[in-house]
Each structure stands twice: as structure tokens, then as C-alpha cells.
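Let us take a walk through this two-chain model together. Have the structure open beside you as you read.

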Amino acid sequence: MRAVSNLKRKSIARTSLIRTLIFAALVLLVGAQFDAYNQAQLAVVLILFIGVLSITLLTGISGQLSLGQGALMAVGGYSTALLITNYTLSLWVAIPLSVISSAIAGLLLGVAAARLRGPYLAGTTLVIALAIPTIANRFMSVFKGDEGLQVDVGYPPQWFSSLFGEPTYEQWQLYVALPFAGVALFFASNILLSRTGRMWRSIRDNESAASLAGVNFSRQKIYVFVISSTFAGLSGALYGLRGLVGPSVYPVSLSLLLLTAAVLGGIRSITGAFIGTVIVVFLPDWIELILGNFGLSEQVSNFLPALISSLLLILTVVINPAGVAGARLHKHK
Amino acid sequence: MNTFLAALSLGTSRGAIFALVALGLVIVWRGAGIVNFAQMGQAMFSTYIASTLIANGYSYWVAFLAALLSGAALGALLDIFIMRPLSNKKQSELLSSESMRAAVPVIASLGILGALQALAGIIWAAEERGFPAPAKEEGFTVAGNVLPFTSFDVFVVSIVTLTLIVTTLFFTKTGIGLAMRATALNQEVAKLSGIRTNRTRTISWAISGAASSLAGLLITPTSNLSPNTLDLVLIVGFTAAVVGGLDSPVGAVLGGFILGMVISFVTFYDTPEDVFLAILAVLLAVLIIRPRGILGSKDARRV
């Protein structure tokens, strides 16, 4: 029995690894064709993809709706920024450390959230998403209030440049985001395919049945929150490294954007998470491309992306709740 | 002493408005089992309609009535075209679990909120605009002292009280009101006894839409009107509803006044910046000590 399950575990890990490598190769291939602007956009896709995965795991797989992922991203972002500016750590050290701090935040949130269901959880996390950024103004000396902390991805190390040639700033953003997105994808894929994923789905589908089958659902719920928060924190850390960590970088609308991406693409699938992220990040550009010649006023073009993504969200929920990647649902369930 | 009176009076008039918002949330929760996060988006939209009418020379009261009616109509339309089809989709695989049945309407209401805010931005531009009050916003003067209570506050408190009385009578004395309570209690049984549950659901959306539009009209004179000014009011209203008990209209009113006082006293005695943390603290305290709220019934936390 043991041997069988070890074998299974190995094959799961192998499947996830292959997926991750294909993903990374595709991103590098496509990224090489893009101009500087689109490379930066692709980096944003990779960064937010990690955040959307946190919703896929939390809501899609384990059935808990959180509107506060932006607050957890802020925890990751501020931790990284403080570690880099105050302790002059390299981002490769600062980011993993700040992921730990967002995991701790997730643990606290999870302990509170394990008691809450449905709209209660949604509303409470929404209040948290609004309340956390105000802390930045409360402790001005540490968090620098609305001004925020300035950080960026810096320059590539010497050995990288001598090995691969000097990358542009946008390319370097992409190269920094890619390994983290790859690690996130690997772990998410592993979780979805493994026993843990089945356990979380059982909580989502029927708590009583899950607990009769021996799943300690309160503990698993907390566990889901911790894992999901590490994803959100990682995403937030990278998101801040685009230049600024401040309350305006992690507004409530960011949490809602991630949720929109997760639902549009397909809330239960990793492919869906990626498709959804691509949609929400590139939507403003696509609209500009299609309607740019119509001479729309600034007032209209400012709000059109939000209007269209909201309408897409409503349509998806009413007509095709499984999202773009829904067809794949039956395979992985 | 003066600070205390000022805090008390602000708490009362704000509390009345929060009570109205919470009541709107409770009505839809009881009628349809949904927490409507789009509620203040709907209120924002109808307040903009009122503001446009006033700008075009109509009297405040015409605009006031138009806002209430459009708020009710918008609520009913959202239920008919979005929420009803959604609840009829329960057979689909994604909605087969109870947790997702609770989550999906919330997601839909967030989509509605986003769409309404973007639409308002496109139609009315995003810059803030003022909104008039129908009564003076200066304090009463008694023996040379300016009291912190204004005619507008009197107007707010009396119109909210009137609304609460009318709503209570509606739910206890009228046939439709009783049918709505029956539907809230047990949808299947209500259906079997001949109540058209789809219709009662739509009516609860309409009433909630009108109530929150009223809240929008009453709160915007003290702030400004922009597509997302009312988001914060929704958060407070939600907290008030949870504090009072999500399925209890009386609890909603109580919760509204409690939140009004908490926010007002934090603003006066601490700093306005701590308001959100205070709201979060109240919410977490209630959820830990008494999750069903002060007046909520035991099974209020149905998913």
C-alpha cells in the first residue's frame, strides 16, 4: 500500500513538473516575441496569476469565498519592501521571508474564518480588505502612509548578464516573475492532483459527508487559508516590486479583479486561472485596439474595461459558471 | 460635554441611515437568501438620477421620488434578469454544493456593483459632485449656543423612523408582507401553500432597492457623490446587519444605531483614520461572541 502511494506521489509530482516546464517554455517563447510594453504586461500576468491561483485553491477547490486577497497581497508587499529597504536584503531572500509573514497572516485569518460561511466570510474579508491598508497611515514611521515605500526588481546579477546577455528592465521583470510563477504553478498542480485536493473538494461539496469520511474540516479550512495566503503574499510581493508598495497599490478593487479573473477563466482549474488573468490584464489594451479608432472620450475609455469585465463576470456566472476552461472540468473535476 | 453631545447627535443621524442600509440587506437576505453587495451601487445610481433631475431644474421632491422609484425598479430588474436565472441553475455542476450556492450569488452581486459603478462613471463622469439637503445643515440655536443637531438631522431621523414603521406594518399586516415572511421561513412550504415565491423575491429586491436609495439620498449631502463613495456605507451596513442578526429587521435597526455611535465616537474621541479598524473590531467581536447577531435566530447562519 505504502509503495503504491509513493509511486502515485511521484507520478503526480512528475505531471506537475512537466506542466510547469511547458508553461515556463511557452512564456519565454511568447515573451521573446513581445515588445517592451507587452513584456511588462506579461510580467503582470505572471504576478497576478499567482494571486488568482490563491482564489482557485480557496474558492474553486475548497469552496470558501474571500474578498480580502488584496490585503494578504499587501502583507507580502510590505514585508518585502521593508526587508529590502531596512535590511538591504536581496529580493531572492526577501520574497521567501515575506511569504512566511503572509502565511502567518493567513493562519490568523483562517482561524477566524473557519467559523464563517458564505456571505459572512465574504463580508468579513471585504471589511478586512478595507481596514488593513489604513494601518499604513496609522504607523506612518514604518509604512510611510499614502506615500508608500519605493522598491523595484533592481538589476540582474553579474553572472546572469555574462551568461545570457544584458536584459532590458522589462525582460528582467519577466525573468524575476517567471520562477516564482513556476513554483506556484507546480505546487497548485500538485495540490489539485493529490489527496489534499480531494479532501478540500470534499469540504466544498458536503461538510457533513467530509467529516464522516474522516476529514477534520476545521483544520483543513485553516490549512487552505494558510496555503492560499502564501500564494497571495507571493503575488503581492512581486506586484509591489514593480515600483511602489503603498495603500493605493492594493485597493479593494484588486481583490475583486483577482476574483473576476478566477471566475472568467474557470474557478476550478489552473488553466482557467491563467486564461482569466490574461483576459483581465490585457482587456484594456484589446479594447483600445478595437475601439481606438472610434475616438471615444477619455471618460468612456477609462471606465469601459471595468464595465466590460463586470458584464463578462455577470454573464459567466449566469450562463456559464464553469468559465472559459469549463470544458476541462469533467477531466479533473 | 459638548463633544459628547456632538458625537451623540452625529451617531444618531448616521445610525438612522446605517439602519436603513442594514434593513435593505436584511430584506433581501430574508427574501432571497442572498447578501446583496451591489446594494449601495444601486443606491449610488439612483442618487445620480436624482442629482441629474435637480441639475435640470426639477424640485428636490420630484427628484427624491424619482430616485426611490428607480431604486425599486432597478432592484426588481436585477432580480428578474440576473438573480432568478442564477437560482434556477442549481442543477449545474458548479452549483451542486452548498458552499458554491452561497458563493455564486455574492460573485454575481459584485459583478453588478462593478458594472453599475463603471456605467455611472461613463454617464456622469467620475469627479465628485455635491448633492443638496432638503433642510438646513446648521445647528439649532438655543439661548445663543449652537447645538450640534441640525434640521437636516431631524429630517433624517424622522423619515427613517417613518420608513421603519411602514416596513414593520408591511411585514406584519399586509398579505404580501406575510407571504414574504413565509417565503423567508421556508420556500418549499410557501410555494406549496400557493405563494408565488418568485414574485415575493422580486418584491423584496424592489423594497430593498428603494430603502437603500433613500439611504443614498440621505447620506450624500454630508459627503459627496461619486461612483464609489457609497462602498464604505455598504461595509458599515453589512457590519450593522451582522451585529443585529442578518435575519432580523429590528436587529438591523439596532445594529445600525450601534455602528453609528461607534463610528461617531471613534471620530470625535480618537481619529477618523481608526474608523475601519473599529468596524473590523466590532464585526470580529460579534462573530466570535455571538455569530448569529444580537437578535438573529438560531438558524440565521444558513448558507
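The report below covers confidence, overall build, helix packing and the contact between the chains.

## A predicted model and its confidence

Please keep in mind that this is a predicted model. For the complex, the predictor reports an ipTM of 0.89 and a pTM of 0.90. Chain A has an average pLDDT of 87, and 96% of its residues score at least 70. Chain B also averages a pLDDT of 87, with 92% of its residues scoring at least 70.

Where pLDDT is low, the predicted coordinates should not be read in detail. In chain B, the lowest confidence falls in strand E1 (residues 139-142) of chain B, with a mean of 70. The highest in chain B belongs to helix H2 (residues 39-55) of chain B, at 94.

## Overall build of the two chains

Chain A contains 15 helices and two strands. Its C-alpha atoms fill a box of roughly 55 × 50 × 45 Å along the principal axes. How does the radius of gyration of chain A fit a compact globule? For 333 residues such a globule would have a value near 20 Å, and chain A has 20 Å, so the two agree.

Chain B is built from 11 helices and two strands. The C-alpha trace of chain B spans about 65 × 50 × 35 Å along its principal axes. With 303 residues, a compact globule would have a radius of gyration near 19 Å, and chain B agrees with this at 19 Å.

## Helix packing in chain A

Start with helix H2 (residues 36-61) of chain A and helix H8 (residues 169-193) of chain A, whose axes come within 9 Å and cross at roughly 20°. H2(A) and H8(A) are therefore roughly parallel to each other, and the crossing is left-handed. The residues of this contact comprise 20 nonpolar, four polar and one charged.

Next come helix H4 (residues 91-113) of chain A and helix H11 (residues 217-240) of chain A, with axes that come within 7 Å and cross at roughly 140°. H4(A) and H11(A) make a right-handed crossing. Their contact residues divide into 14 nonpolar, nine polar and one charged.

What angle do helix H3 (residues 69-87) of chain A and helix H12 (residues 252-265) of chain A make where they pack? The angle is about 115°, with the axes of H3(A) and H12(A) 7 Å apart. That makes H3(A) roughly perpendicular to H12(A), and H3(A) passes H12(A) in a right-handed crossing.

On the H3(A) side, the contact is made by A:Gln69, A:Gly70 and A:Met73. H12(A) contributes A:Val252, A:Leu254, A:Ser255 and A:Leu258. By type, the residues of the contact of H3(A) with H12(A) divide into four nonpolar, three polar and no charged.

## Where the chains meet

How many residues does each chain bring to the contact between chain B and chain A? Chain B gives 43 residues and chain A gives 43 residues. On the side of chain B that touches chain A, the elements giving two or more residues are helix H3 (60-87), helix H4 (98-124), helix H9 (231-244) and helix H11 (275-289) of chain B.

H4(B) gives the most to that side, with 17 residues. In composition, the side of chain B that touches chain A has 32 nonpolar, seven polar and four charged residues.

Conventions: Residues are numbered from 1 along each chain as its sequence is written. Chains are lettered from A and ligands numbered from 1 in the order in which they are written. This is a predicted model: local features need pLDDT of at least 70, side-chain atom pairs count only at pLDDT 80 or more; totals for chains, interfaces and linings use all residues. Axes are lines fitted to C-alpha atoms, for helices over the stretch in contact, and angles run from 0 to 180 degrees between N-to-C directions. Helices (H or I, at least four residues) and strands (E, at least two) are DSSP runs, numbered from the N terminus. Angles under 35 degrees count as roughly parallel, over 145 as roughly antiparallel, 65 to 115 as roughly perpendicular and the rest as oblique. A crossing is left-handed if the near helix is turned anticlockwise from the far one by less than a right angle, and right-handed if clockwise. Ala, Val, Leu, Ile, Met, Phe, Trp, Tyr, Cys and Pro count as nonpolar, Asp, Glu, Lys and Arg as charged, and the others, Gly among them, as polar. Two residues are in contact if their C-beta atoms, placed from the backbone, lie within 7 Å. pLDDT is the predictor's confidence in each residue, from 0 to 100. The radius of gyration is taken over C-alpha atoms; the globule rule is 2.2 Å times the number of residues to the power 0.38.
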